[in-house]
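Have the model open in your viewer and follow the stops in order. Each one says what to select and what is there.

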Amino acid sequence: MWEMVKAGGWLMLPLVICSIAMCAIIIERAIRLRIQTIAPAGLTSQISKQLRAGSINAQALRQLRQQSVLGDILATGIESQPHGFNFTENQMQTRANELVHLLEKNLNFLGTIGAIAPLLGLLGTVIGIIESFMAVNAGGVTDPAMLAAGISQALITTAAGMVVAIPALIAYRYFQRKIVDISMQLETQGNQLINILFYSDVKPSHLSVDDHLQHPDQGLHYEAS
């Protein structure tokens with residue numbers, strides 16, 4: 001393997017760096033984008049029971065916010081409830097967009113790796129072929145077998161670029177779709193909390209609900225870029 005890397009020339013160095021970065025991002029995002037970590041099952045139902053029991057206090061909200069991304073959004077909604085439906089919805093939507101943006105961390109870099117790796121490989125091949133033919137023109141190579149060997153070495157960079165680009169693009173598309181699914185889950189759970197706060201008899205003892213919309217005509221919309 002190391003001999004192949006050396007045979008590919010100096011452009012193999014950025015390709016090796018891209019491959020290391022790609023692996024690191026894929027592993028980190030695979031760990032970070034676990035649905036049970038971001039939006040634990042049954043969390044909204046649990047919060048609903050606590051709201052009905054009036055057991056939500058400042059400490060419980062801090063713990064909820066630290067528990068998960070969904071918990072952070074739900075805590076934002078509960079804290080905003082006294083200010084009415086519109087304010088609560090806007091605050092939850094703003095916070096959700098901020099958190100979804102954090103979930104997209106490094107994905108653009110992963111997509112960039114998938115885009116430039118084949119170009120680096122192609123550049124290495126072109127440079128290698130140019131050098132081989134320049135040697136022929138200068139009279140330094142008279143054996144066609146030696147010319148073929150030089151071209152085969154140049155093609156190594158193209159193969160290396162493909163090896164890096166293919167998994168990078170697959171992972172990029174996969175994580176993009178996963179974030180869209182997570183955003184839909186967060187939107188659904190956020191709207192469920194709004195229904196609990198403004199369409200039920202739940203009035204937590206520590207909150208003072210003076211004004212809320214009786215017939216709102218819009219819901220939460222969290223977008224993933």
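## First stop: a buried threonine

Select Thr125, which counts as buried at 5% relative accessibility. The cut-off for buried is under 20% relative accessible area. Thr125 sits in helix α8. Now show what surrounds Thr125. Leaving out residues up to four places away in sequence, Thr125 touches Ala154, Leu155, Thr157 and Thr158. Bear in mind that this is a predicted model.

## Zoom out: the whole chain

Colour by secondary structure. The chain has 9 helices and 0 strands. Read along the sequence, the pattern is α-α-α-α-α-α-α-α-α.

How much of the chain is buried? Of the 225 residues, 39% are buried. The accessible surface of the chain is about 12,500 Å². Carbon and sulfur atoms account for 61% of that surface.

Then consider the contacts between residues at least 6 apart in sequence. Of these, 83% join residues at least 24 apart.

Select Trp10. This residue lies in the loop between α1 (2–7) and α2 (12–32). Is Trp10 buried or exposed? Trp10 is exposed, with a relative accessible area of 61%.

Draw a C-alpha to C-alpha distance from Trp10 to Thr157. It reads 9.6 Å, while the two residues are 147 apart in sequence.

## Helix α4: two sides

Select residues 43–53, which form helix α4. Which residues of α4 are buried? They are Leu43, Thr44, Ile47, Ser48 and Leu51.

## Helices α5 and α6

Select residues 58–67 for α5 and residues 69–80 for α6. How are two packed helices described? By the angle between their axes and the distance between the axes. For α5 and α6 the angle is about 145° and the axes are 6 Å apart.

Show side chains at the contact:

- From α5, the contact uses Leu61, Leu64 and Arg65.
- From α6, the contact uses Gly71, Asp72, Leu74, Ala75, Thr76, Ile78 and Glu79.

Colour these residues by type. They divide into 5 nonpolar, 2 polar and 3 charged.

## Gln189 in helix α9

Gln189 lies in helix α9, residues 144–198. With 14% relative accessibility, Gln189 counts as buried.

What does Gln189 contact, leaving aside its neighbours within four places in sequence? The contacts are with Thr44, Leu70 and Leu74. Two of these names have come up already: Thr44 is among the buried residues of α4, and Leu74 takes part in the contact of α5 with α6.

The structure holds 2 aromatic pairs. Select Phe85 and Phe198 for one of them. The ring centres of Phe85 and Phe198 are 5.5 Å apart and the planes stand at 80°, so the pair is edge-to-face. The cut-off for edge-to-face is over 60 degrees.

Phe85 lies in helix α7 (residues 85–103) and Phe198 in helix α9, so the pair ties together parts that are 113 residues apart in sequence. Both phenylalanines, Phe85 and Phe198, are buried.

## Asn106, between α7 and α8

Move to the loop between α7 and α8 (107–137), where Asn106 is found. Check its backbone. Asn106 has a positive phi of about 70°, although it is not a glycine. Asn106 is partly exposed, with a relative accessible area of 31%.

## Last stop: Met162

Select Met162, in helix α9. Its relative accessibility of 41% makes Met162 partly exposed. Not counting residues up to four places away in sequence, Met162 touches Pro118 and Pro167.

Finish with one more distance, from Met162 to Leu120. C-alpha to C-alpha, Met162 and Leu120 are 9.7 Å apart, and they are 42 residues apart in sequence.

Key
Residues are numbered from 1 along each chain as its sequence is written. Side-chain values use heavy atoms; hydrogens and water are left out. Axes are lines fitted to C-alpha atoms, for helices over the stretch in contact, and angles run from 0 to 180 degrees between N-to-C directions. Helices (H or I, at least four residues) and strands (E, at least two) are DSSP runs, numbered from the N terminus. Contact means heavy atoms within 4.5 Å. Ala, Val, Leu, Ile, Met, Phe, Trp, Tyr, Cys and Pro count as nonpolar, Asp, Glu, Lys and Arg as charged, and the others, Gly among them, as polar. Buried means under 20% relative accessible area, exposed over 50%, partly exposed in between (1.4 Å probe, protein chains only). Accessible areas come from the Shrake-Rupley method with a 1.4 Å probe; for residues, only the protein chains shown count as cover. Rings of Phe, Tyr and Trp (its six-membered ring) pair if their centres lie within 6.5 Å; planes under 30 degrees apart count as stacked, over 60 as edge-to-face and the rest as tilted.
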